[in-house]
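The sequence and the model come first, and the description comes after them.

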Amino acid sequence: MRYGTVDVLRGVTFHANRGEVLALLGPNGAGKTTTIEILEGFRMRSAGEVSVLGTDPAAGDEAWRARIGVVLQSWRDHSKWRVRELLQHLGTYYEPYGKPWNVDQLVAAVGLTEHAHKKASQLSGGQRRRLDVAIGIVGRPELLFLDEPTAGFDPHARREFHDLVHRLSDLDDTTILLTTHDLDEAEKLADRILVLAGGTIIADGSADALSRRMATEAEVRWSRDGDLFVHSTSDATGFVRQLFAQYGQEIADLEVRRASLEDTYLALVRDFEAGDQEAAARSFEKRNR
Ligand SMILES: Nc1ncnc2c1ncn2[C@@H]1O[C@H](COP(=O)(O)OP(=O)(O)O)[C@@H](O)[C@H]1O
Ligand SMILES: [Mg+2]
């Protein structure tokens with residue numbers, strides 16, 4: 001995807017299976033929003049092939065649009081509407097295409113029952129974001145795009161949102177593509193993680209598969225005679241077995257901490273950026289020869 005003379009996306013290739021939850025991760029400015037907006041048909045791409053529910057989003061009609069749900073990164077319109085009224089009204093739009101959510105169930109599902117009669121402009125940031133999510137799912141989409149849906153959520157709202165995502169994917173078989181900067185959230189929700197950096201997908205796999213690929217080490221902590229010890233190893237089980245063979249009963253406070261998705265993600269992006277810079281340095285040397 002080219003903005004002016006800058007290629008922001010250069011080789012983004014991935015596929016989503018029905019009912020899968022995909023998390024698209026990447027540093028600020030990596031092109032996550034651009035990618036999502038192209039898939040939603042909100043932004044025309046400058047090159048490449050895209051198929052969403054069997055249709056090129058650039059040519060998607062109303063019936064196609066009714067099958068997808070969209071939560072943009074920032075959405076600040078509808079401010080004069082009241083929560084329940086707005087969702088009721090939007091629901092009618094989807095009626096010809098299927099069975100939209102019952103409005104009260106929807107309001108409850110996103111945790112806005114107490115605020116159902118407030119104007120959108122009177123909601124707090126997190127409440128407004130819940131309304132955005134409700135607007136995105138009101139038509140029971142087959143495919144849902146969520147661009148930083150939980151930005152501004154408190155821990156409680158976040159937990160409720162996670163339950164909702166699980167419900168949508170498990171019960172309704174909704175396919176979901178979301179972006180987030182919260183790697184715990186990505187690990188909890190996503191069947192597959194996509195990492196976007198330098199305009200391409202540099203990793204695609206489950207959180208487990210990614211951490212195996214990076215072969216990040218586990219950290220073993222224990223205490224013996226009141227002293228604390230830490231050791232990094234790629235074979236935590238073997239190391240702990242040896243530890244007990246040697247010291248047995250003396251070992252206390254044993255803890256094994258595997259690499260989190262955050263460790264893996266940071267390592268991936270760091271390696272990618274280092275590689276990128278090496279490649280840049282090589283081409284610089286060539287030019288100066
Ligand atoms: N309309 C636009 N015109 C020009 N450049 C843009 C436009 N929208 C985004 N960009 C640039 O494209 C890059 C990717 O942006 P974006 O897709 O918003 O990334 P992300 O969502 O991963 O933070 C950024 O460098 C951004 O400045
Ligand atoms: Mg973005």
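Predicted model: local features only at pLDDT ≥ 70, side-chain atom pairs only at ≥ 80, totals over all residues.

Residues are numbered from 1 along each chain as its sequence is written, while chains are lettered from A and ligands numbered from 1 in the order in which they are written.

**Domains**

The protein chain has two parts, domain 1 (2–206) and domain 2 (210–287), with bounds that come from an automatic or database domain assignment. Their centres, taken over C-alpha atoms, are 34 Å apart. Across the boundary, 12 residues of domain 1 are in contact with nine residues of domain 2; contact is counted when two C-beta atoms, placed from the backbone, lie within 7 Å. On the side of domain 1 that touches domain 2, three elements each supply at least two residues: helix 7 (183–189), strand 7 and strand 8 (200–205). Helices (H or I, at least four residues) and strands (E, at least two) are DSSP runs, numbered from the N terminus.

Ala, Val, Leu, Ile, Met, Phe, Trp, Tyr, Cys and Pro count as nonpolar, Asp, Glu, Lys and Arg as charged, and the others, Gly among them, as polar.

| Group | Residues by class |
|---|---|
| Side of domain 1 that touches domain 2 | nine nonpolar, two polar, one charged |
| Shell around ligand 1 | three nonpolar, six polar, one charged |

Helix 1 (residues 32–40) has eight buried residues out of nine. A residue is buried if 20 or more other C-beta atoms lie within 10 Å of its own, exposed if 12 or fewer, and partly exposed in between, with C-beta atoms placed from the backbone. Lys32, Thr34 and Leu39 are among the buried ones. Their cover includes strand 3 (21–25), strand 4 (68–71) and strand 5 (143–147). After helix 1 comes Gly41, with a positive phi near 85°.

The residues around ligand 1 include Tyr3, Val8, Lys32, Thr33 and Thr34; a residue is near a molecule if its C-beta atom, placed from the backbone, lies within 6 Å of it. Helix 1 gives the most to this shell, three residues.

**Leu228**

Leu228 lies in strand 10 (residues 227–233). Leu228 counts as exposed because it has 9 C-beta neighbours inside 10 Å. Leaving out residues up to four places away in sequence, Leu228 touches Arg221 and Ser223. Between Leu228 and Asp253 the C-alpha distance is 8.8 Å, at a sequence separation of 25 residues.
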